[in-house]
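Have the model open in your viewer and a selection tool at hand. We will go from one stop to the next, picking out strands and helices along the way.

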Amino acid sequence: MGEGLAAVEAFRLVDEPWEALANQARRLRELGHGNRVTYSPKVFIPLTKLCRDVCGYCTFAQPPRRGERAYMSEDEVLAVARAGAAAGCREALFTLGDKPELRYRVAREELAALGCSTTLEYLARCARLVLDETGLLPHLNPGVLSVEDALALRGVSASQGLMLETTAGRLAERGGPHWASPDKLPAARVATIEAAGEARVPFTTGILIGIGETRRERLDALLAIRELSERFGHVQEVIVQNFRAKPGTRMAAAPEPPLEELLWTCAAARLLLGSRWHIQAPPNLSYAEFPRLLDAGIDDWGGVSPVTVDHVNPEAPWPELERLGEATRSRGLELAPRLAVYPEYVAALQRWVDPAVAPGVLALADADGLAREDDWAAGARERPESPPVGAAALFEGAPSLLPAASVSSKSVHLGNGSAPKMSQRTATSNLAPVSPSTAEALAKVREEVELDEDDVAELFRARGGDFAAVVAAADALRREVCGDAVTYVVTRNINYTNVCYFRCGFCAFSKGKLAANLRGAPYLVPLDEIVRRCEEAWERGGTEVCLQGGIHPAFTGDFYVDLCRAIKQALPDLHVHAFSALEVWQGAATLGLSLRDYLQRLQEAGLASLPGTAAEILDDEIRAVICADKVTTNQWLEVHDTAHELGLPSTTTIMFGHVDGPRNWARHLLRLRDQQRRSGGFTEFVPLPFVHMEAPIYLQGRARRGPTFREAVLMHAVGRLALHPWITNVQASWVKLGLGGAQATLRAGANDLGGTLMNESISRAAGASHGQELPPEAMEATIRAVGRTPRQRTTLYGEPPEERQETSFGAPPLAEPLNPSVNDANLRRPSRLVRPGLVGTTG
């Protein structure tokens, strides 16, 4: 099960060579962390080098020097942090001497001039400044702390740290490395780790080897760390650091531990602590031999900076990230950036991170709780000269995602809208081999064995070589099932009101008293204007109208029936694709009808199919956070099951990238697959990446900033693999992805670009900037640019009449739509509002 050794078993390792431990250590790492090895892109901020301790091996701590400041100024701190943020760093590591004001008058005087009484007070001020001004997450190493100190710093930091170093008290005796250093006494450092646990602080600690301790004493220190974390659960990583002799110190002539001793300690730590622990060894302190540390079972390289030196070990530069990646892949492992706080603690943010810091963590996190590897955001207009950080490394080895030619902004009238710039390297790039878990899942796809929840969740976590393999498998399956045609439908999208009484945290479209951020005036489109827009769409070659909107408190089911009837009376051949599961449920409830009876009434009035919106994430754990009063998972499925029984087909969607993750996505896909197996009425799968910019849940600091580009591409690829053979069409939303993003997904399993739209309000209200219409000319240019064949379709994937297709090209401009104020409608709110998510049962 990957549990660590008992103490009596651990001490038996003392006389074993490191090679005897290595295989088991690597097996435990794979059991706990798969093929992933992490690092933290950081800047190093040495706030002060004054310290009251005088460790025998330290060159970081310096006595006061005439003419030099005792502390970095706030401007100096910010300059370093801003340089790090510009270089893609996520962590600001504050390292400083321990309570220098207790020893040096100059420290006390300078603190007083800064308006502070202690170093910790000034540290808190600088950490808050960095967090607020740059978004970097402070990780604080200020020395020995009380519970009160840890709590005070918790409000300005994502994590804290203190090396235990050793539990051997004898090393603090006269002549020892810790002599005259009261803060290095083991009892004081154990008390600090305990205080951090009581304060619920994600904490970094570790041991220092080669300063005179024995192997048995190292194990004793590791056991002490394990016992503390078993009590509090707060130790997020354990560092195994090797002593390096430095000129000018008392230990300048002391022998350094050989690499084999470091390897033994890393492997022993893995065996003692177990599979789930994070074990780190600094790569720069092993110089050219650092790749061998992976052979001993570590899973983290620690902080690596492209901006600052290691101020504690300035003689040992960090390896460049490219070299770090190459070394990691040489062992069949994949390198991934992380945050100052590890994913396990990001997943339980309310418990472990202060509310003032948590929004900053979410803004930098991906769905796995690791660091976002790019700066892409759904709906945002990309600039070609500013590619997302890390995008090139992400797509290395997956050149099929790169468009053969780009579509100019002029040709599509939408501005740039390109995908992240990606590496142009070939498939022979230096990628890690496909991991066993990913290979096993992809083998199931080839053998037509259905993927289970664990398989699907694992595919959603794919990076590097795994990512390239998943994308290639999805693209091959798409070609086998759908060929090289890419379909689209000429449609008009009509959002008939932006007034809604539901409280969806992700929605910036609805305008009601409960909306956190109003964007535009509340409106209600009158029936004759809706019909006019449908007629205009027909004149422009449209075959479908898509109708959705907010749930106005005065709406009853008759509103939706009247809407269908009016459109069909005017345009009997126009396909009415309308109403989410929420609108259907609310309409039925307001009329006191069963779902079946109400859907039959809509069908008789002209409804031909349902969009799959309001699905969001079909996992009630997530729905309770983002849309608690909306339809539940079972209610959504019940609406579509009933519709399919009546011969009303529908689409499926997923709205992802907020508070959800791979496990939730897997459950969503499998519920769609199970429903399709039963009823067979779903026509397509449409991933909708969360557009965060104006969404209340993001503005309140309670959600991530949408999926990363990797996650957006994977949703289409994994959707193709997991839903096969039940749902065969995968659609890319150009409105949310942009044209370049949509093109990338066409090479990752997607075969459809959705509708031309003509009008779109919901994504734009959330902050999307990719436009409202993609006319057939631009749609087909986008498709041809990736070497595929465009084909117009009907809503149900049939062939539109030739007359419709010809009419759709060269269509005249749209008339200005009329969106009159909702106050002109004279609607009355009923005495009781239907909130199906809070009821849970149908009436």
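Select strand E13 (residues 575-578) and strand E14: they run parallel and are joined by 2 bridges, where strands count as paired if DSSP finds at least two bridges between them. Within this pair, look for His-577, which stands opposite Ser-609 in E14. This is a predicted model, in which local features need pLDDT of at least 70, side-chain atom pairs count only at pLDDT 80 or more, and totals for chains, interfaces and linings use all residues. Residues are numbered from 1 along each chain as its sequence is written, and side-chain values use heavy atoms, without hydrogens and water.

Now widen the selection to the open sheet of 4 strands, ordered E11-E12-E13-E14 with parallel pairing. Strands E11 (491-495) and E14 (607-609) are at the edges with a single partner strand each, so one side of each has no neighbour in the sheet.

Next, pick helix H20 (residues 557-570) and helix H22 (residues 595-605), which pack at about 20° with their axes 8 Å apart. That makes H20 roughly parallel to H22 (angles under 35 degrees count as such). Show side chains at the contact (heavy atoms within 4.5 Å): among those taking part are Tyr-560 and Arg-565 of H20 and Tyr-598 and Leu-602 of H22.

Finally, go to strand E15 (residues 650-656), which runs parallel to E16 and is joined to E16 by 6 bridges. Ser-650 stands opposite Phe-682 in E16. Follow the chain from E15 through helix H25 (residues 662-679) to E16. In E16 (residues 682-689), 8 of 8 residues are buried (under 20% relative accessible area, 1.4 Å probe, protein chains only).

Terms used:
Buried means under 20% relative accessible area, exposed over 50%, partly exposed in between (1.4 Å probe, protein chains only). A crossover is right-handed if, with the strands pointing away from the viewer, the path from the first strand over the helix to the second runs clockwise. Axes are lines fitted to C-alpha atoms, for helices over the stretch in contact, and angles run from 0 to 180 degrees between N-to-C directions. Angles under 35 degrees count as roughly parallel, over 145 as roughly antiparallel, 65 to 115 as roughly perpendicular and the rest as oblique.
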